[in-house]
Amino acid sequence: MSYTVEVDIGGTFTDFFAEQDGGRFAITKSPTTHYDLSVGFMRGLRELAKDFNLPLKKFMNGCESIRYCTTLGTNALIERTGPKLGLITTAGFEDTIAIGRGRSWADGLFGHETKNLARIQKPEPLISRDMIVGLRERIDSFGNVIMPLKRDDVLENLQRLMENGAMGYVVSLMWSCYNPIHETMVKQIIEEEYPEDYLGSMPVFLSHTISPKMGEYTRFTTTIVNAYIHSVMGEELTRLIWELKDNGYSQPLALVQNVGGMKKVTRTRAILTYNAGPVAGLHGSRYIGGMYGMDNLIFTDMGGTSYDIGVVSDGQIKTYDFIPVIDRWRTNIPAIEVKSIGAGGGSIAWINTLFGDRLEVGPQSAGSMPGPACYDQGGSEPTVTDADLVLGYLNPDNYLGGKMQLKKELAEKAIGEKIADPLGIDVVEAAARIRRIIDAKMGQEVFNEVVLKGYDPREFVLLACGGAGPCHALDIAPYLEIKKVIMSPFSPVFGAFGASTVDVMQVFDRTRTIKLFQYATQSYTEDYEAFNGVVRELKDLALRDLKMEGSSEAEIQFVLELEMRYGMQYNYTKLESPHLEIGSLQDVKDICDAFGETYARTYSPEAAFPQGGIQVENFFLKASVSTRHLELSPAEGAGRKTPGAARKETRPVYFVDLGRFVETGIYVFEELMPGDVIPGPAVIEARETTGVINPGWRFTLDPYGQGLLEPAGDRPGEVVAEDPARKLS
């Protein structure tokens, strides 16, 4: 038998999804070991092997692939453990990263942090001023060489950086995105002076290869962030790869990227691994939606540290970050947009004394160490998980399938001392307020995310993912007026599951301004070669890259995306081009019409202004190769309506909308059969998560093993039986 394994590292838990050839799958979670991520990684692999009744080495021998959503780069930025770098730029622009942008002080901060103007500061540059040098050279905005680069100038500044202890070089010269000749010359000089067999040999990162797009500040920061995390990731991943090989794994390790694909470690840029887990989860949502023919889905993932939100519309993932922020740095990578806020099971509840003893929840998180107070690992701060335990949603003896025992008395103590006593309320009321606040915060963020993209949330289906997602989903749904929620068996490890649905893919981008519709003459362009030349250049790069991955040209599929705008607007609108190349006036009109439709859907038709001209600013060529994915088949013989065999007990559960405890039936997810219908109120305990069915809702396990949650009585003539064990306290 052969296996595939997907791994997603989160702030609190590391998630694992494994599929056996033939359709059987296994999931598990392991606490994230921040001191050494490989420890939790290997621990999870051992648990997967145990699920398949195999020793680790035999399991690894049978692994066809391991796909990894890593946070190594994120941790290096947070902890500032990257190498000492030297920045080589154009003379006169040495202070670009220190000056930043007008609002760079707010980049990467939560909303409540940006309000504290007295203490807020711009981020400290990753490269100090003494490690930045300027070269006397200049290329203009059309790519013309105005001042040639001199070798002696490069050597003099290079020697200065070497003496200051540079362990790598970032080369970012003005307008290199249009003409990279000077950046290429700098790299050649460095390699000639310090060849690979010299100890002085250091890695060199050129901005036109990392970020070939206009905008010097974001091009600087993108290249610097990539260089900063590159060596840290390289060292850690090399150790992990050797450990995997020592345990029998013989295939290349693949990294999931935030552009929506995966590549071998050796063919991946470090910066593209940032936020890969949520992006993988968004792809998993599209896969689940495709099973049912659902085109509009809202992906939500509530883990221990964060709450991730993404949108699938018309069956496609269309939204990209306009300016992705990594830690505190604006970048211009073509990353898929997934909004993250500080809301999760580990979010800490606290009293904000600046605003009249107001109860706040998050964004601070207790993480995995020490974790919530109920973990009994030294944590003393009350969290959302503590509140859920006090309210009866969680089973203290069956948390994570019984792998972790929770201490309810510690949760009550933390909430009592830190929240209930200062507010003069009892512990249950304090826990209910914590839950109400976190659910309102998440519901509002989801609403904003969907509406601001031009959609009506009532037309969408909500996917409740993450370890804490199914526990809170039905308290979030009313904020969106959503009538259908999906609780997947993959929910607790949905990022890892989503990684199994991505293909080998890379995005090649380039800044080039092409005016498709001229405002001066009110006519469409006839210069097709300007457009096609850029596409062919990107296509050549893609073919070379993916052929080195082992793919043939016939396997590679291309999709062209464009960032366009009217006239001199600041914001770009991204869309999928209906044509890879243009060869006629109708092709040009098709692209302009597609832009107009996309723009109108986002900003309304009244905002369109084609008379001001229509121009392309950035090209993105997506090159992908399809891989084998999990195939879910519907179970035969579905249709049972009485889930009594799966019901194990009852316990009092507090429902916030009712304001009281209700004696509630507790069901085991793994013992349910397709066709089972459970009316709320009920609690469904799965191995790695807990689903809560509110009063007035109904849970149905469908033939694919997915839990569908809908308002009870929505079907005409339907009568929903009440749980006989339900009693009001």
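Author: Two strands pair if DSSP finds at least two bridges between them. Strands (E, at least two residues) and helices (H or I, at least four residues) are themselves DSSP runs, numbered from the N terminus. The model is predicted: local features need pLDDT of at least 70, side-chain atom pairs count only at pLDDT 80 or more, and totals for chains, interfaces and linings use all residues. Residues are numbered from 1 along each chain as its sequence is written, and side-chain values use heavy atoms, with hydrogens and water left out.

Reader: What makes β11 and β12 a pair of strands?

Author: β11 and strand β12 (residues 262-264) share three bridges in the antiparallel sense. The rule asks for at least two, so the two strands pair. Ala-254 has Lys-264 in β12 as its bridge partner. Five residues lie between the strands of this hairpin, and Gly-260 takes a positive phi near 100 degrees there.

Reader: How do you know which way strand β4 runs relative to β11, and how many bridges join them?

Author: Strand β4 (residues 63-69) and β11 run parallel and are joined by three bridges.

Reader: Why is strand β11 said to be covered on both faces?

Author: A residue is buried under 20% relative accessible area, exposed over 50% and partly exposed in between, with a 1.4 Å probe and protein chains only. In β11 (residues 253-256), Leu-253 and Leu-255 on one side and Ala-254 and Val-256 on the other are all buried. In a regular strand the side chains alternate between the two faces of the sheet.

Reader: Why is Lys-483 called exposed?

Author: Its relative accessibility is 54%, so Lys-483 counts as exposed. The residue is found in the loop between α14 (469-480) and β21 (485-487).

Reader: What is Lys-483 in contact with, beyond its neighbours in sequence?

Author: Contact means heavy atoms within 4.5 Å. Leaving aside neighbours within four places in sequence, the contacts of Lys-483 are Trp-697, Leu-709, Glu-710 and Pro-711.

Reader: What makes β17 and β29 edge strands?

Author: Eight strands form an open sheet of mixed pairing, in the order β17-β14-β13-β20-β21-β33-β32-β29. β17 (339-341) and β29 (677-679) each have a single partner strand, so one side of each is left without a neighbour in the sheet.

Reader: What makes Glu-337 and Lys-453 a salt bridge?

Author: A salt bridge is a side-chain nitrogen of Lys or Arg within 4 Å of a carboxyl oxygen of Asp or Glu. The N to O distance for Glu-337 and Lys-453 is 3.3 Å, so the pair meets the rule. Glu-337 is in the loop between β16 (329-330) and β17, and Lys-453 in the loop between α13 (427-451) and β20, 116 residues apart. Both residues are buried.

Reader: How do you know that Asp-388 and Arg-435 form a salt bridge?

Author: Their closest N and O atoms are 2.9 Å apart, and the limit is 4 Å, so the pair counts. Asp-388 lies in helix α11 (residues 384-390) and Arg-435 in helix α13, so the pair ties together parts that are 47 residues apart in sequence. Asp-388 and Arg-435 are both buried.

Reader: Why are Lys-547 and Glu-553 called partly exposed?

Author: Lys-547 has 43% relative accessibility and therefore counts as partly exposed. Glu-553, with a relative accessible area of 46%, is also partly exposed. These residues form a salt bridge with the closest N and O atoms 3.8 Å apart.
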